[in-house]
Amino acid sequence: MSIYKTLKRKIKEKKAVITVAGLGYVGLPIALGFSRKGFMVYGLDTDRARVQQLKKNRSYINDISSSEIAAATTSGMFVPTEDTNALNRADAVIICVPTPLGKTHKPDLSFIIKISKTMKDKIRHGQLVIFESTTYPGTTREVILPILQRSGLKLGDDFFLAFSPERIDPGNPKFNFRNIPKVIGGCTKEGTELGEMLYSNVIKQVVSVSSTDAAEVTKLLENTFRIVNIGLINEFASLCNKLGIDVWEVINAAATKPFGFMPFYPGPGIGGHCIPADPIYLSWKARKVGFETKMIDLAAQVNRNVPKHIVERIEGILGRSVSGAKIMLLGVAYKKDVNDLRDSPALDIMEILIRKKAEVVYHDPFIPEVSIKGSCRQSVKLDKKTLKAQDMAVVVTDHTDVDYRLVVRDSGIIFDTRNIFARLKIKSDNIVRL
């Protein structure tokens with residue numbers, strides 16, 4: 001029987017063993033999702049502390065409860081491990097490693113290359129390998145495949161390779177791994193079909209595309225769309241401020257149009273891994289083929305300047321320099337209700353304020369401490385005494401579990417960059433909106 005038919009049968013009968021490499025915001029939900037559906041899953045991670053937490057049934061991700069992990073591990077269908085032999089034991093390997101930007105804003109493929117080399121030493125006849133790590137178009141075909149084939153095994157004859165971009169949205173209560181449609185593209189037709197069949201066991205809708213390149217660039221289009229529109233609305237918000245117009249009122253009015261408009265909202269900047277990094281991957285690849293992505297580059301520049309603009313607004317509201325001013329930041333995570341600091345605009349805002357000699361404290365129920373230029377700062381208690389001691393409270397991240405009525409009652413000036421008070425229908429003369 002061919003490896004295609006063998007894998008197809010194993011997937012259909014749920015006898016395919018799956019190894020998920022990388023147990024972060026993307027990999028852990030995938031691993032638990034497959035184990036809940038009756039697949040034997042190894043969860044592979046090089047972070048010993050993370051693996052130990054999972055073995056003790058402790059979650060480190062807000063969207064996943066410790067009871068979910070306990071149910072998976074006690075059933076025996078999910079085994080967290082640091083042992084790379086888990087790659088060899090699997091019929092299907094799903095790889096979810098980081099793909100950050102380097103210091104010079106060039107794609108950093110070091111994690112992808114490292115796991116590919118490890119996979120090359122562990123790969124065996126009859127496996128399906130799927131990468132989910134966001135990257136530029138051509139990575140799977142031009143970088144990963146040659147490394148895997150150094151094993152002596154051949155694509156199509158000995159193993160299959162596909163790419164399926166992750167679409168996890170941390171902190172989103174409506175959309176999760178199970179109900180977000182999944183895109184899959186293989187290096188061969190059979191690889192695409194096997195990937196579609198595998199994911200169909202745990203995801204309601206799987207969408208096949210013609211190649212790994214198409215799947216890779218699909219993810220980049222999704223987040224390029226977002227970075228361009230976020231850049232547009234942040235610039236528009238600055239214009240409205242200069243014109244003395246309420247940008248939130250304008251957006252809400254425009255959103256009543258039933259076609260041709262999708263509302264985006266201004267804020268303190270962009271954060272997380274995807275939006276700041278993904279479009280830059282596409283821009284970098286475009287330059288390699290002699291194409292200039294003017295709109296993407298401009299949007300990235302506009303968004304990078306937003307934290308600076310926020311500090312300028314703070315100074316404008318205070319009517320003076322922030323030097324010596326006592327400023328409290330409410331929320332420093334990159335988005336609400338997550339414990340994720342990756343590329344959070346709050347860090348840039350805090351750094352600028354400190355550089356300008358402001359006295360800065362912060363409160364965040366999800367982030368107990370942050371490091372700014374080597375200095376560790378801890379989240380302070382949100383109470384009357386602390387709020388009254390500040391010259392201004394700035395809402396940077398609109399976490400749900402914050403007593404905003406307390407903030408209004410005991411703060412002097414409040415600068416709301418997220419429009420949270422309007423959404424909560426809290427009115428006060430001391431609130432200034434972005």
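Aspartate 83 is partly exposed, at 32% relative accessibility (buried is under 20% relative accessible area, exposed over 50%, partly exposed in between, with a 1.4 Å probe and protein chains only). Its partner is arginine 89: the two side chains meet in a salt bridge at 3.2 Å, N to O. A salt bridge here is a side-chain nitrogen of Lys or Arg within 4 Å of a carboxyl oxygen of Asp or Glu. Arginine 89 is also partly exposed, at 37%.

This is a predicted model: local features need pLDDT of at least 70, side-chain atom pairs count only at pLDDT 80 or more, and totals for chains, interfaces and linings use all residues. Residues are numbered from 1 along each chain as its sequence is written, and side-chain values use heavy atoms, without hydrogens or water.

The whole structure holds 24 salt bridges. One of them joins arginine 141 to aspartate 213, with the closest N and O atoms 2.6 Å apart. This pair links distant parts of the chain: arginine 141 sits in helix α7 (residues 139-149), aspartate 213 in helix α9, 72 residues apart. Helices are DSSP runs (H or I, at least four residues), as are strands (E, at least two), numbered from the N terminus. Arginine 141 is partly exposed, at 41%.

Arginine 355 and glutamate 351 both lie in α14 (residues 345-355), four residues apart, about one turn. Their closest N and O atoms are 4.0 Å apart. Arginine 355 is exposed, at 56%, while glutamate 351 is partly exposed, at 24%. Elsewhere, salt bridges with shared partners join Arg141, Glu142, Asp213 and Lys285 into one network.
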